[in-house]
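Me: Got a model here that I'd like to talk through. Can you take a look with me?

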Amino acid sequence: MTTTTAGASLRSTLDRLPDRPGVYMMKGRQGTAIYVGKAKNLRQRVRAYFQPGQRDGRRQFRALLRSVRSIDFIMTASEQEALLLEAIQIRALRPRYNVSLKENREYPYIRLTRQHYPRLLATHAFVDDGSRYFGPFSDIRAMYQTLELVVRQFGLRTCRHRLPAANRVPCLEYHLHRCSAPCSGGLSEADYDLAVQRAISLIEGRDSAYLECLRARMAAAAVSRNYEQAARLRDQLRALEFMRNRQKVWLDEPLNRDVVGCARHGCRAGCCLLVFRDGHLRASRHQVLTGCPADTDTHIVLDFLRRQYGPVDPEYPFPDEIQTTAAQPGLPELRRLAGPNRPAPVWIVPEAHPVIQDLAARNARYLLEIKPPDRP
Ligand code: SF4
C-alpha cells in the first residue's frame with residue numbers, strides 16, 4: 001500500500017475489508033462516489049489498487065487513486081449479486097471515473113416509451129424524455145423472454161408509427177394475433193393503457209394470478225403429452241419467476257431513508273447501515289458492537305445510529321425515515337437521536353422494502369462472521 005495515496009482512515013478501511021464478494025464505492029473529497037466496482041474478493045481487489053507497482057498505468061486511473069478519500073463497501077451473497085448491484089450503482093450515481101475509464105458494464109433495461117399507445121422495448125441507452133425504465137436485468141435471456149411474452153400476450157404494438165392515426169391498415173403483427181392494432185383506430189387509448197399496466201405488473205413480478213394460470217396450462221399440456229408446448233410454458237414461467245425474484249436495490253420514490261440490519265451473537269452485535277438519499281443507495285456503514293444488552297434490538301440499533309450520525313453528518317442530510325426489523329422506540333428517543341435542530345425520523349417496518357432489508361441483515365451477519373470483536 002502506498003502511504004502517499006492512502007491516508008490513515010483509508011488505510012484502516014483497507015485493513016477492515018472482508019474476504020467476500022461485494023461492491024466497493026470509492027469516494028472523493030466531498031463524499032461523492034467517484035468510482036464503483038465489484039469484486040469476487042473485496043479485500044484482495046481493493047487492496048490491489050494501492051499496491052506499489054499495480055499495473056494499470058492509465059492517467060485517469062492514477063488520477064482516480066489520487067482523489068480517493070474514503071471507501072464504502074457492501075458484501076453480497078455472490079459475485080453475480082455484486083455485478084448487478086454495481087450496475088445499479090453506476091447507473092444511479094454516474095461516478096466520474098466509471099464514465100471516463102469506460103468501465104460502465106451496463107445491463108439491459110426495459111423501457112416504456114412516453115407516447116400515445118406506448119411501446120415496451122429492451123434498451124441500454126437512457127433517454128431523458130419521461131420514459132419509464134425497469135431493470136437492470138442480469139439474466140438477459142429471461143428479460144427478452146418476458147418482454148416478448150408480455151408484448152404478445154397483451155397485444156402491444158412494436159411499430160414506430162405516430163398514433164393515434166386515422167384508420168391505418170394493420171400490419172402482419174395484427175394478422176398473426178400479436179398486436180391489438182391500435183393503428184386501425186378501433187382500440188381506445190384507455191383500453192390499450194390497461195393492457196400496458198397488466199404487462200408492467202408481469203414485468204415487476206406482481207401478477208401471481210397469471211403465473212398460476214401458466215402453471216395450470218403447463219400441467220395440462222404435459223398431461224395431454226403436448227411436450228413442446230409444456231416446454232415453452234415452462235421457459236416462460238422460469239423467466240417470469242426470475243423477474244419476480246430479482247434484486248431491487250433502490251427505492252421507488254426519492255426518499256431519504258436509512259436501512260439498518262442487525263445480527264446478534266451473545267453480547268456482540270453486527271450492524272449495517274445502508275444510506276438511501278433521493279431513493280438511491282449512497283453509502284454504507286458497518287460496525288460490531290460489544291457488551292450489548294440481552295433485551296430487544298432497539299437499544300442496539302439506536303446506539304449504532306447515534307455513533308453513525310454524530311451531531312452533524314457532513315456527507316448526507318439526516319434521514320426522514322429509518323427502516324429496520326427492531327421494534328419502534330418511543331418518540332423521546334427518536335427526538336434524542338435527531339438532536340435539537342432536526343425532526344425525529346419516522347420508524348419504518350421492514351416490509352416497506354424487504355429486499356433492501358435482507359441486504360442490510362446479511363451484511364450485519366457477514367460482519368459478525370468475519371470480524372473479531374472491536375475494541376471498546
Ligand atoms: S398492427 Fe398496427 S399498431 Fe400493431 S404493430 Fe402493426 S402497424 Fe403497429
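Reply: Starting with G28: its relative accessibility is 8%, so G28 counts as buried (under 20% relative accessible area; exposed is over 50%, partly exposed in between, with a 1.4 Å probe and protein chains only). This is a predicted model, where local features need pLDDT of at least 70, side-chain atom pairs count only at pLDDT 80 or more, and totals for chains, interfaces and linings use all residues. Residues are numbered from 1 along each chain as its sequence is written, and side-chain values use heavy atoms, with hydrogens and water left out.

Me: Where is G28, then?
Reply: In the loop between β1 (22–27) and β2 (33–39); strands are DSSP runs of E, at least two residues, and helices are H or I, at least four, numbered from the N terminus.

Me: And what does G28 touch?
Reply: I34, S67 and R69, leaving out residues up to four places away in sequence. Contact means heavy atoms within 4.5 Å.

Me: Switching topic: what order are the strands in the open sheet?
Reply: β5-β4-β6, with antiparallel pairing; strands pair if DSSP finds at least two bridges between them.

Me: Why is one side of β5 and of β6 left without a neighbour?
Reply: Because β5 (120–123) and β6 (132–134) stand at the edges of the sheet, each with a single partner strand.

Me: How many bridges join β4 and β6?
Reply: β4 (residues 109–112) pairs with β6 over 3 bridges, and L112 has R132 as its bridge partner in β6.
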